[in-house]
Amino acid sequence: MLGNAPHADLPKHGPGYSGAYWGVGEAAVAFLDHDPYAERALEPGLLWLGDFIAAEVARPGARPGIRHVSASEYAVLDCAQLVARFPSLVRLSLHGGTLLHFRSLCALRLRELTIGNVSCLAAADALGPGDLPQLEVLDIDGAQQEFGQAMRALWRNERRRGTAVHIGGLRAGPRTDNGL
């Protein structure tokens, strides 16, 4: 709950940032400002696109200043276009929808990769430590079992080397249109 403070008085940047919880407050501020298409910069270099990601990555030109992208509820996302549009990404969070050309993420120097409830990823799409050598955090939840098991096998030994790895909530079959 945001309380009774006018939304203009809520800080949008600064030391109060606390990850995902601050994002909820920032989304409320954007809603109150009545600008659903505004880029919500929680910190310099962060872009929270929600379902606008597909339109953003289709635009021409690179945006090298963006280092963190969080996107959700897209229907289809071409990861090759994502890499071309945001070549300096170090943190990437993708939730929902179909990912195309997933292996193109190898071109990035990612430190954190979060994937949730995605479809159309197979064992051949799995990225290993050699593909993402700078990765510090890998979090996969709600992917197909074949892909998740392949990722788990590739990253098993990296836990001992300090990489935080969580792979869970794997689905036996492909994702259906209603997300179940």
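The structure holds one aromatic pair. Phe-102 sits in the loop between strand S5 (98-100) and strand S6 (112-116), and Phe-147 in helix H4 (residues 145-155), so the pair ties together parts that are 45 residues apart in sequence. Phe-102 is buried at 1% relative accessibility, and Phe-147 is buried with a relative accessible area of 0%. Buried means under 20% relative accessible area, exposed means over 50%, and partly exposed is in between (1.4 Å probe, protein chains only).

This is a predicted model, in which local features need pLDDT of at least 70 and side-chain atom pairs count only at pLDDT 80 or more, while totals for chains, interfaces and linings use all residues. Residues are numbered from 1 along each chain as its sequence is written, and side-chain values use heavy atoms, with hydrogens and water left out.

**The chain as a whole**

The chain has four helices and eight strands. Helices (H or I, at least four residues) and strands (E, at least two) are DSSP runs, numbered from the N terminus. Along the sequence they follow the pattern α-β-α-β-β-α-β-β-β-β-α-β. Of the 180 residues in the chain, 39% are buried. The accessible surface of the chain comes to about 9,700 Å², and 55% of it belongs to carbon and sulfur atoms. These areas come from the Shrake-Rupley method with a 1.4 Å probe; for residues, only the protein chains shown count as cover. Among contacts between residues at least 6 apart in sequence, 44% join residues at least 24 apart. Contact means heavy atoms within 4.5 Å.

**The nonpolar core**

In soluble globular proteins, nonpolar side chains tend to be buried together. A nonpolar core is a set of buried Ala, Val, Leu, Ile, Met, Phe, Trp, Tyr and Cys residues joined through side-chain atoms within 4.5 Å. The largest such core here has 36 residues, of which Phe-102, Leu-105 and Leu-113 touch the most other members. At least two residues of this core come from each of helix H2 (53-58), strand S2 (68-72), helix H3 (79-85), S4, S6, S7, H4 and strand S8 (164-168). H4 gives the largest share, four residues. Leaving aside neighbours within four places in sequence, Leu-105 is in contact with Cys-79, Leu-82, Val-83, Leu-92, Leu-113, Leu-127 and Leu-132.

**Salt bridges**

There are six salt bridges in the structure. A salt bridge is a side-chain nitrogen of Lys or Arg within 4 Å of a carboxyl oxygen of Asp or Glu.

| Glu-56 | Arg-63 | 3.0 Å |

Glu-112 is partly exposed at 27%, and Arg-91 is partly exposed at 22%. Asp-131 lies in the loop between S6 and S7 and Arg-103 in the loop between S5 and S6, so their pair ties together parts that are 28 residues apart in sequence. Asp-131 is partly exposed, with a relative accessible area of 23%, and Arg-103 is partly exposed at 34%.

Glu-56, Arg-59, Arg-63 and Arg-85 are linked in a network of salt bridges. Glu-56 is buried at 4% relative accessible area. Arg-85 is in helix H3 and is buried too, at 7%. The side chains of Arg-85 and Glu-56 make a polar contact of 2.6 Å. A polar contact is a pair of N or O atoms within 3.5 Å; within protein, one must be able to donate a hydrogen and the other to accept it, and residues adjacent in sequence count only if both atoms are side-chain atoms. Beyond neighbours within four places in sequence, the contacts of Arg-85 include Val-57, Pro-60, Gly-61 and Ala-62.

**Backbone angles**

Most residues other than glycine have a negative phi. His-101 has a positive phi, near 55 degrees. His-101 is in the loop between S5 and S6 and is exposed, with a relative accessible area of 51%. Cys-120 also has a positive phi, of about 70 degrees, and its place is in the loop between S6 and strand S7 (137-141).

How values were computed: Phe/Tyr/Trp six-rings, centres within 6.5 Å; stacked < 30°, edge-to-face > 60°.
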